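Visitor: I would like a close look at a single part of this protein. Please take the part in which the residue you begin with sits, and then connect that residue to the rest of the chain.

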Amino acid sequence: MAGLDEAGRGCLAGPVVAAAVILPPLFDLPGLTDSKACTARTRERLAPRIRQCATAWGLGVVWPARIDRINILQATFEAMCRAVRCLRHPPALLCIDGNHTLPSALLAAHWVRGHGAHAPLPRQQALVRGDARVPAISAASILAKTYRDALMAHLDRRWPGYGFAAHKGYGTKEHLAALRRLGPCPQHRLTFAGVLPAAPGPAQGSLL
């Protein structure tokens, strides 16, 4: 079984990142839980241990231009399919955090590229709050979050002034103020509310 989760779905900037993790039947990962319930220090401690003990793990990244083209839900599905494609062992079951399973046609296209046409597609199960209930999903949430946080720190150096390293692309007050001051950069999701200035309404007394 592979656990799947994502990071960055609700951000205004940066990619959405998904991770897939297959854990062995026995593992020693004290403190493993949903990444949102962990401190940054705990996540950084656990991430290399997860990669070391996992039977297989993979990451999928979808960047803002693609998110704007296909919407964030479809981009999240695509990132998850890319993560599954990277697994060195094909799982029989995907346990996905949330209330959606992956579109069969999209999964199949990535599955064939990663695992060949003869490996049967895995079954899927969506689990609300699965990141707090299923260790493999918890592990995936930590790998996705730590990878994305490090990526946002790198993007902060490439596009300074927005504070990406601090807020990781979320719509904080500081981030919104930077957008008003600087305008969006290539890492912003232009279809997300708050990124572009609101279109001015008609002047008072004008005819529509």
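Guide: His188 has a relative accessibility of 2%, so His188 counts as buried, the limit being under 20%. The model is a predicted one. His188 belongs to the segment that follows helix 7 (173-182).

Two polar contacts involve the side chain of His188. One joins the side chain of His188 to the side chain of His175 at 2.9 Å. The other runs from the side chain of His188 to the backbone nitrogen of Cys185, at 3.0 Å. Beyond four places in sequence, the contacts of His188 are with Leu12, Ala13, Pro64, Asp68, Tyr162, Phe164, His175, Leu179 and Val195.

Two of these contact residues, Pro64 and Asp68, have numbers that fall within helix 2 (64-70). Helix 2 is one of the elements against which the buried residues of helix 3 pack. The others are strand 1 (2-7), strand 2 (16-22), strand 3 (56-62), strand 4 (93-97) and helix 4 (104-115). The buried residues of helix 3 are Ile72, Ala75, Thr76, Phe77, Glu78, Ala79, Met80, Cys81, Ala83 and Val84. Helix 3 covers residues 72-86, and its 15 residues should span 21 Å at 1.5 Å a residue; the end C-alpha atoms are 21 Å apart, so the two values agree.

Asn71 occupies the loop between helix 2 and helix 3. At the start of helix 3, a side-chain oxygen of Asn71 comes within 3.0 Å of the backbone nitrogen of Leu73. The relative accessibility of Asn71 is 40%, and therefore Asn71 counts as partly exposed. Phi of Asn71 is positive, near 85 degrees, in a residue other than glycine. Most residues other than glycine have a negative phi. Arg129 also has a positive phi, near 60 degrees. Arg129 sits in the loop between strand 5 (123-127) and helix 5 (135-158). With a relative accessible area of 43%, Arg129 is partly exposed.

Another loop, between strand 2 and helix 1 (40-53), holds Cys38. Cys38 counts as buried because its relative accessibility is 10%. Apart from residues up to four places away in sequence, Cys38 touches Gly31, Thr33, Arg43 and Ile142. From Cys38 to Gly14 the separation is 24 residues in sequence and 22 Å in space, C-alpha to C-alpha.

As for the whole protein, the secondary structure consists of seven helices and five strands. Read from the N terminus, the order is β-β-α-β-α-α-β-α-β-α-α-α. The C-alpha trace spans about 70 × 40 × 30 Å along its principal axes. There are 208 residues, and 47% of them count as buried. Among the contacts with a separation of 6 or more, 70% come from residues 24 or more positions apart. The protein exposes about 10600 Å², of which carbon and sulfur atoms supply 57%.

Key
Residues numbered from 1 in each chain as written. Predicted model: local features only at pLDDT ≥ 70, side-chain atom pairs only at ≥ 80, totals over all residues. Heavy atoms only, no water. Helix = DSSP H or I, 4+ residues; strand = E, 2+ residues; numbered from the N terminus. Buried < 20%, exposed > 50% of the residue type's maximum accessible area, 1.4 Å probe, protein only. Contact = heavy atoms within 4.5 Å. Areas by Shrake-Rupley, 256 points an atom, 1.4 Å probe, with all protein chains shown as cover. Expected span 1.5 Å × (residues − 1). Polar contact = N/O pair within 3.5 Å; in protein donor to acceptor, adjacent residues only side chain to side chain.
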